[in-house]
Amino acid sequence: MSDMTNCCPMRNGLLDEDRIREDVHGEAHRPSPLPWAIAQLGYIGGDFRAMLDRDPALGNGATAFLEALSYAGFWAILAYRVAHLLRAVGFPILPRFIQALARFLTGVDIHPGARIERGLFIDHGMGTVIGETVEIGRDVTIFHQVTLGGRGNLAGGKRHPTLEDGVIVGAGAKVLGPIRIGAEARIGANAVVLEDVPAGATAVGIPARIIRAGLRDRYLVPRSLLAPGR
Ligand SMILES: CC(C)(COP(=O)(O)OP(=O)(O)OC[C@H]1O[C@@H](n2cnc3c(N)ncnc32)[C@H](O)[C@@H]1OP(=O)(O)O)[C@@H](O)C(=O)NCCC(=O)NCCS
C-alpha cells in the first residue's frame with residue numbers, strides 16, 4: 001500500500017478499531033491528493049493484469065490479451081481513472097460527463113471521487129455502482145450488479161464503504177454505509193452488508209452474517225454478526 005498511505009487508510013491484516021472509528025465517524029472524506037491521482041494512471045497496467053490473472057475464462061497469450069480488451073469492466077475503470085485525475089486537478093463538470101458516458105457504454109457507474117488502488121477487476125460489470133466516497137485497496141474483485149453505496153441517511157462526508165486489499169464481492173451484493181470490509185474478506189452473492197466484516201471472513205445473506213471467520217481475527221467478529229454454530 002506504499003504509495004497510498006498518505007491519502008487512503010487501507011490496511012492489510014487485522015482491523016484497527018481506532019482507525020475504523022476515525023474513518024466512519026470522524027473526518028470528512030477528502031479529495032485525493034493530485035500526485036496520487038496522477039500516479040494511479042500507472043495502475044491501468046495492474047487493472048489489465050488483474051483480468052488475465054483472475055478470470056479463468058480468459059486463455060493464454062495474445063488471444064487472452066485481445067479478449068480482455070472486450071471487457072466492459074476494464075473500460076469503466078479506465079474512464080474512472082481519467083475522470084478521477086481531472087477531478088483532482090479541479091476540472092468542473094467534465095469528470096461527471098465521463099462517468100455518465102462510461103455508464104452508458106459499459107453499464108458500470110463509478111463516481112470520479114472514489115479512490116481505487118491498482119488491480120481492480122470488475123467481472124461482467126453490468127449494473128455495478130461505486131459511490132463517491134468508496135475506497136478500494138489492491139487486487140479487489142467485484143462482480144456484476146454490486147452496489148458499493150450509502151445508506152441514504154448521511155449528509156456529506158464519508159458515507160460509502162471501504163474495501164481493503166484482496167476483497168471479493170459476489171454478484172448482486174450490496175455493501176452499504178461507511179463500513180469496512182477487511183483484507184481478503186469474501187462477500188456472498190446477493191448479500192446485503194451493513195456492518196464491518198473482519199479480514200479473511202466470509203459474509204452472506206440479508207442482512208449479512210459471518211459464516212466463516214479468518215483464523216487470525218476470529219476474536220474480532222462482533223457477536224451480533226456471527227451465525228449460530230460458527
Ligand atoms: C459466499 C461464497 C464466497 C462462499 O463460498 P464457500 O466458502 O465455498 O462456501 P460454501 O459454498 O461452502 O457455503 C457455505 C455455506 O454458506 C451458504 N452460502 C454460500 N453462498 C451463499 C450466498 N451467496 N448466500 C447465502 N448463503 C450462501 C451455503 O449454502 C452454505 O450453507 P450451509 O453451511 O448451511 O450448508 C460463495 O458462495 C459466493 O457467493 N461467491 C460469489 C460468487 C459470484 O458472485 N459469482 C458470480 C460469477 S458470474
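Reply: One term to begin with: Ala, Val, Leu, Ile, Met, Phe, Trp, Tyr, Cys and Pro count as nonpolar, Asp, Glu, Lys and Arg as charged, and the others, Gly among them, as polar. This is a predicted model, where local features need pLDDT of at least 70, side-chain atom pairs count only at pLDDT 80 or more, and totals for chains, interfaces and linings use all residues. Residues are numbered from 1 along each chain as its sequence is written.

Me: Which residues are around the ligand?
Reply: Among them are His124, Phe143, Arg186, Asn190, Thr202, Val204, Gly205 and Ile211.

Me: New topic, sheets. What is the strand order in the open sheet of six strands?
Reply: The order is β3-β6-β9-β12-β14-β15, with mixed pairing. β3 (121–122) and β15 (209–212) are at the edges with a single partner strand each, so one side of each has no neighbour in the sheet. Strands are DSSP runs of E, at least two residues, and helices are runs of H or I, at least four, both numbered from the N terminus. Two strands pair if DSSP finds at least two bridges between them.

Me: How do β14 and β15 pair, parallel or antiparallel?
Reply: Antiparallel, over three bridges, with β14 covering residues 202–204. Val204 has Arg209 of β15 as its bridge partner, and Ala203 has Ile210.

Me: And how many residues lie between β14 and β15 in the hairpin?
Reply: Four, and Gly205 in the turn has a positive phi of about 95°.

Me: What about the sheet of four strands, what order does that one have?
Reply: This open sheet runs β2-β5-β8-β11, with parallel pairing. β2 (115–116) and β11 (180–181) are the edge strands. Two bridges join β2 to β5 (residues 135–136), and Arg115 stands opposite Glu135.

Me: Helices now. At what angle do α5 and α6 pack?
Reply: About 175°, with the axes of α5 (residues 72–88) and α6 (residues 94–106) 8 Å apart. Axes are lines fitted to C-alpha atoms, for helices over the stretch in contact, and angles run from 0 to 180 degrees between N-to-C directions. That makes α5 roughly antiparallel to α6, a label for angles over 145 degrees.

Me: Which classes make up the contact of α5 with α6?
Reply: The contact has 13 nonpolar, two polar and one charged residues.

Terms used
Near = placed C-beta within 6 Å. Parallel < 35°, antiparallel > 145°, perpendicular 65-115°, else oblique.
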